[in-house]
Amino acid sequence: MSDPGRSRDPADAELVELAVQGDARALEQLVIRHQGVVYRFVLGFLKDEDLAADVTQDTFLKVLDRLEGFRGESAFRTWLLAIARNEALGLIRSRGRRREESIDEAGGFEDGPFEDGREAPDARVLEADDVARIRVALDRLPEKQRLSVSLRLFDGLSFREVGEVIGSLEGAARVNYHYGIGRLREWLQ
Amino acid sequence: MRSEDDNDSVFEDRLREPAGECARIRDLLPLYVAQGSASPGFAGEELAEEDRAGVAEHLVRCADCREEARFIAELRARRPEPPASLLSSILEAARKAPGRQKSTLLPRLLRAAAVAALALGIGTFWQREPEPEPMWTVALEAQPAVDWYGQDWLVAGEPIVEALPDDMLRMLVEEMEP
Ligand SMILES: [Zn+2]
């Protein structure tokens with residue numbers, strides 16, 4: 001199986017090396033290549049476009065700061081997404097604290113289909129354009145299903161890598177993907 | 001019961017889980033539809049030619065998989081995209097980032113200290129201050145034994161010393177002081 005994220009030329013590891021040496025174009029290429037997957041991944045946690053863009057930027061800054069230490073033991077993208085996950089969850093935690101909200105009381109923030117007080121999609125929302133409908137439906141999925149669908153369908157990660165970045169086994173990532181697609185078909189078709 | 005994120009209405013979901021040949025095909029459909037769209041920035045897995053042909057052939061005779069292929073192609077065409085300004089915003093912030101030009105001597109010393117500390121097995125002190133239970137531990141499913149994710153200085157159970165946050169490195173070095 002080819003190593004995802006390294007199938008293109010030049011490979012991530014090569015760009016990382018150049019970027020560490022101060023090559024601005026290599027850096028730009030890395031950001032171009034990976035900003036989408038990072039953005040969609042953190043959007044899966046945060047469900048807010050502005051926050052997702054901020055966290056994507058913070059993730060890249062953090063990564064750049066540590067780039068020298070990247071040794072290529074794991075795929076660059078896997079490393080990047082682990083940091084992105086941390087940034088997103090850190091933000092959720094700090095916001096939760098500030099608002100003195102206890103979103104994790106009973107069953108985690110998956111407990112209700114519309115945590116953070118969001119209303120269920122009403123007819124008005126469902127009549128809105130397709131992009132919005134899809135966003136609403138994605139947000140409605142349990143988190144791991146949402147993340148698995150996003151990483152597999154939108155960004156083509158292998159189920160093994162999906163599992164690594166969402167903290168599941170490969171098989172669980174696969175099942176979460178299929179459950180997620182099944183639900184979306186039910187809701188959107 | 002709906003306490004677990006992945007397991008509510010498991011029975012229904014089981015019915016939705018495709019079986020047999022269809023299951024194998026549907027695993028591949030995301031790659032199949034991505035290749036058809038040739039979208040920029042797709043750094044995903046490549047679909048081998050024989051798999052591509054296999055999917056195409058299956059779709060001719062399986063209406064349900066065809067329907068799923070059509071559906072996920074539509075989803076994929078409408079995937080969320082970062083704002084157009086994000087790239088330049090990241091690159092500008094990177095140029096301004098104070099850490100980029102800093103001397104590498106101090107970080108290297110800190111790293112060496114951190115490596116030494118880890119080698120000596122001093123690694124638990126950073127849990128002295130009990131953190132509130134992270135919310136994401138409450139909805140766990142079967143997962144690798146090593147609880148690494150959510151700690152970005154660990155990837156797949158391996159410490160990345162360089163990825164330790166600065167305050168952690170400071171603590172680590174302080175810990176090393178007699
Ligand atoms: Zn089929």
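## A buried histidine at the zinc site

H58(B) counts as buried, at 2% relative accessibility. The model described here is a predicted one. In it, H58(B) is one of the protein donors of the zinc ion, to which it contributes its NE2 atom.

The site is tetrahedral, with angles of 101 to 114 degrees among the four donor atoms. Along the chain, the donors of the zinc ion follow the spacing C-x35-H-x3-C-x2-C. C22(B) lies in helix 2 (residues 20-37) of chain B and H58(B) in helix 3 (residues 49-61) of chain B, so this pair ties together parts that are 36 residues apart in sequence. With a relative accessible area of 22%, C22(B) is partly exposed, whereas H58(B) is buried.

## Chain B as a whole

Chain B has seven helices and two strands. Read from the N terminus, its elements run α-α-α-α-α-α-β-β-α. The two helices that hold C22(B) and H58(B) are helix 2 and helix 3 of this chain.

Of the 178 residues in chain B, 41% are buried. Contacts in chain B between residues at least 6 apart in sequence can be sorted by separation: 61% of them join residues at least 24 apart.

## T59 in chain A

T59(A) is found in helix 3 (residues 49-66) of chain A. At 0% relative accessibility, T59(A) counts as buried, because the limit for that class is under 20%.

Neighbours within four places in sequence are left aside here. Beyond them, T59(A) is in contact with V38(A), L80(A), I83(A), A84(A) and E87(A).

## Cavities

A search of the whole structure finds two cavities of 30 Å³ or more. The second largest cavity holds about 80 Å³ of space. Its lining includes residues of chain A and P80(B).

By class, the lining has four nonpolar, two polar and four charged residues.

Key
Residues numbered from 1 in each chain as written. Chains lettered and ligands numbered in written order. Predicted model: local features only at pLDDT ≥ 70, side-chain atom pairs only at ≥ 80, totals over all residues. Heavy atoms only, no water. Donors = N, O, S within 2.8 Å, 3.2 Å for Na, K, Ca; no water. Tetrahedral: all angles 85-135°; square planar, octahedral: opposite > 155°, others 65-115°. Helix = DSSP H or I, 4+ residues; strand = E, 2+ residues; numbered from the N terminus. Buried < 20%, exposed > 50% of the residue type's maximum accessible area, 1.4 Å probe, protein only. Contact = heavy atoms within 4.5 Å. 1 Å grid on protein atoms, 1.4 Å probe; cavity = no way out; pocket = protein on both sides within 12 Å on 5 of 7 lines; lining within 4 Å. Points joined across faces, edges and corners; volume = space filled by probe spheres on them. Nonpolar A, V, L, I, M, F, W, Y, C, P; charged D, E, K, R; others polar.
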